[in-house]
Amino acid sequence: MIKLEHIEVTFGSFKALKDINIDIHEGEFFTFLGPSGCGKTTTLRTITGFISPSAGTVSVRGKDITHTPIEKRNIGMVFQSYALFPTMTVYENIAFGLQVQKMDKEEIRKKVVEMGKKVDLNEEQLKKKVSELSGGQQQRVAIARALVTNPEIICLDEPLSNLDAKLRVQLRNELKDLQKRFGITTVYVTHDQEEALTLSDRIAVFNKGVIEQIGRPDEIYSHSATEFVCNFIGDINRLTPEFLAGTGADKVEGVDPKKHCYIRLERMHVNETMATDTLKTEAVVEDYEFYGLYIKYTVRAFGQTIKVIEKNSGKTLYKKGDTVTLSYNPADIMQYEG
Amino acid sequence: MKEKKKFSFTPEKLWGIAIFVFFAWFIFAFLVFPNLNTVVSVFYQNGHFTTEVFTKLIHSTKAMRSLRNSLILAPTLSITVGFIGISLVLITEYFDIKGANILRLGYMTTLIYGGIILVSGYKFIYGKTGILTTLFAKIIPSFPIDWFEGYWAVLFVMTFACTSNHMIFLRNAMRSVDFQTVEAAQNMGASQFRILTKVVLPVLTPSLMAVTILTFITGLSATSAPLLVGGQDFQTITPMILTFANNVSSRPLAALLALFLGVATIILLTIMIQIEKRGHYMSVSKVKTTIVKQKIRNPILNVLAHVYAYLLFLIYVIPVALVVLFSFTDSATIASKHLTLSSFTLDNYISIFQKASSYKPFVVSIAYSAIAASFVAIIVLVACRILQKRKDRLGGALEYGLLIPWLLPTTLMALGLITTYNTPRVWMFNKVLTGTSVIMLIGYIIIKIPFTLRMTKAAFFSLDDSLEDAARNMGAKPFYTFMRVQLPIILPTVLAIFALNFNGLLGDYDMSVFMYHPLNKPLGVYIKSLTDSETNADNAALTFVYAVLMMIISAVVMYLVYGRGNKVDKSKD
């Protein structure tokens, strides 16, 4: 539905985006993920029209919109700060886009109230000033305002980044629920990997103005295409050649110790060998962190520190100095050229 | 690749060009050319470069004396104001002085009672026929009735008139001192004196330096105080410029003196900007705590501090109290200074609203101030919108152009305008402005632009950019976005600045005295003319009524701008 082809954006001599190619499908929840300054917001603003690319094309349903003015793109946007107009009521905020379109007053009222209901804002709340609402309600107003003009696409630029952890999780769920309800194509920007993994149908991981990988959350996590993606998503152990040799992984077909080898924390096990774990070794516990739902062990084997996550099944905790069996499946090793 | 667009004259572009032409004309005609013209008038006469004016100045005893007087007044005033200003801040914010809230109110009277009104109030007490002078003369028959005249009188009046900046800026700096630093010093055994001098006062130094420079500039360009209480022997630069400017042949001398003021002001403000750039001491405390008032442990010093605090309070409050009190008395009482119950009357207030000659200056000033403040608000709003959009050289030129009056003293600006537009100029459509009612309005507008620009720009730049993006995303045009989204947000700031500008212009004397139209005398000039004839009790009564009315207006403005705003802020906490 949205197609970005060979997009390049330059600011002076700085190339912010280099040859970006993305194809976003109808009704998809698509996330741009990456660290600060990687180009994800620039790409989003190129889609919405706030930034003109120096090369490449943006098209929606096959129609080139690269040079179409912002207001004619029919793309709704939710900003990082929500950008709610503080001097207006909730009603006036939602009605703003319709008033700009010079729609009939009664029609506007009908649409605003209807949209309010869809995002769980009652008529009493519509009369309030936006500053009187909670963070969650403000987010719903911003979404309602973006959706009321019936856009084909909605773009959200880190809308949860300013909130505390608990509210973020709550609103994340609300957001997903709203997107499903409206079935609208959604482009979402975030630097939070957990947010991206839980919300998205597909993710594009950005780094230094290029896309490192596009894929489903499980693909990105378990089969990271590049060393950057592997390091950026989730916690990971980099395995030294000594460790690989010590555990016999270097003799397993397909494992090349000369490459950079990584394994996810939860793919290694302490004193609990899985059926697929073909490699084992003794390790000494250096430390542990108790998180309730799970325990994070730091163990040492063949001169390397390894982190392991174990589900808390109520068993006795291993203390510093305890000797344990560390096991893993060499097929879980992700390898990258150095 | 971007396509090359054909240039076309859309209504937006035409508006843009019209606004650009307006600002270019405004800056050139009112801010740049008149001042350049002043410089030229000093160095070029009859088409030739000359230093004759310098020679004339050096040989003019009056001019040289005024220069000397200003150079004596400015530094001494900086010291006395600094001393009193720090005292006020310590009394109200640092030391545990009983009744500090009432004392603070007294010390802040200069915020609503300043300029020519304040000087006339002091003159009513200490002048030749003043209450105190009359009292002293009764006790000691040989007491010289003109004791309150000359350098010491000017210094005294100005010392207590110029502490407003201390009560605003230095007090804020004191409030931002982290009390944990004081506690840390106490914990290490430091004495109260040591804590004050080594921990607290150094934090105030940058603010103190800035307000001291402002005081120095005020001293250098003092107008009302030397005019009213300076007497023959202590006239400073600005009154001298005024005298010279009234005579066409001595105008180059006035211009040279104004240039001297201008250069001195630019140098001092440059120093101040450097101090500002060096910044303020930032608290590195993670959990900052507010100052807890310090009880002076030495009982004798404690008593002395209280006596000193209340003495200062009396100096500040007595003129205001007496002006208010005597504004309700008849002329005979004002003349005799002998108060009885039967002295009180509302006649002064009634007559001011009945006699056209009495209320006209008030109406003139209100009209001029309101029109000027409105123009300033509109001009600056448009300028700020341009500055927000254009961060290029053109934007920079616009900003610096509009800030010119901040660097130059009012006297120089006023002189520049009246000497430039006393002949027809093409860019002024061949109209002569000097002597017309318009020129004072122009003067009022240009002197208020820098302050308004700085404050409005700060409000504009604090707006979240995504608000405009959101409006554009929903299809709103720039003007619609400005009117519906941005303006309503910054409107409280714009109105507050409008009120402050209106208030500041209402009693203006420094600019008005150069530019007023004889048929439309503004309040400041009218009050000065009333104060000149000290013995006329009717005039004094009129002055008092004006003073009270202006204090009421100022107090309302201050409440609307600061008081109500603070309440709103607190309620949000």
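Strands count as paired here if DSSP finds at least two bridges between them. One contact to look up is Asp287(A), whose bridge partner in β15(A) is Thr298(A). A note on the labels: strands (E, at least two residues) and helices (H or I, at least four) are DSSP runs, numbered from the N terminus.

## The sheet around it

Zooming out, five strands of chain A make up an open sheet, ordered β13-β17-β14-β15-β16, with antiparallel pairing. Its edges are β13 (268-270) and β16 (304-311) of chain A, each of which pairs on one side only. On average, neighbouring strands of this sheet are turned by 45° against each other, direction ignored; the axes behind such angles are lines fitted to C-alpha atoms, and angles run from 0 to 180 degrees between N-to-C directions.

## Partners of β12

Strand β12 (residues 260-264) of chain A pairs antiparallel with β11 (residues 236-239) of chain A over four bridges, and Ile236(A) has Arg264(A) in β12(A) as its bridge partner. β12(A) also pairs with β18 (residues 334-336) of chain A, antiparallel over three bridges.

## Confidence and conventions

Chain A has a mean pLDDT (the predictor's confidence in each residue, from 0 to 100) of 91, and 100% of its residues reach 70 or more.

Residues are numbered from 1 along each chain as its sequence is written, while chains are lettered from A and ligands numbered from 1 in the order in which they are written. As this is a predicted model, local features need pLDDT of at least 70 and side-chain atom pairs count only at pLDDT 80 or more, whereas totals for chains, interfaces and linings use all residues.
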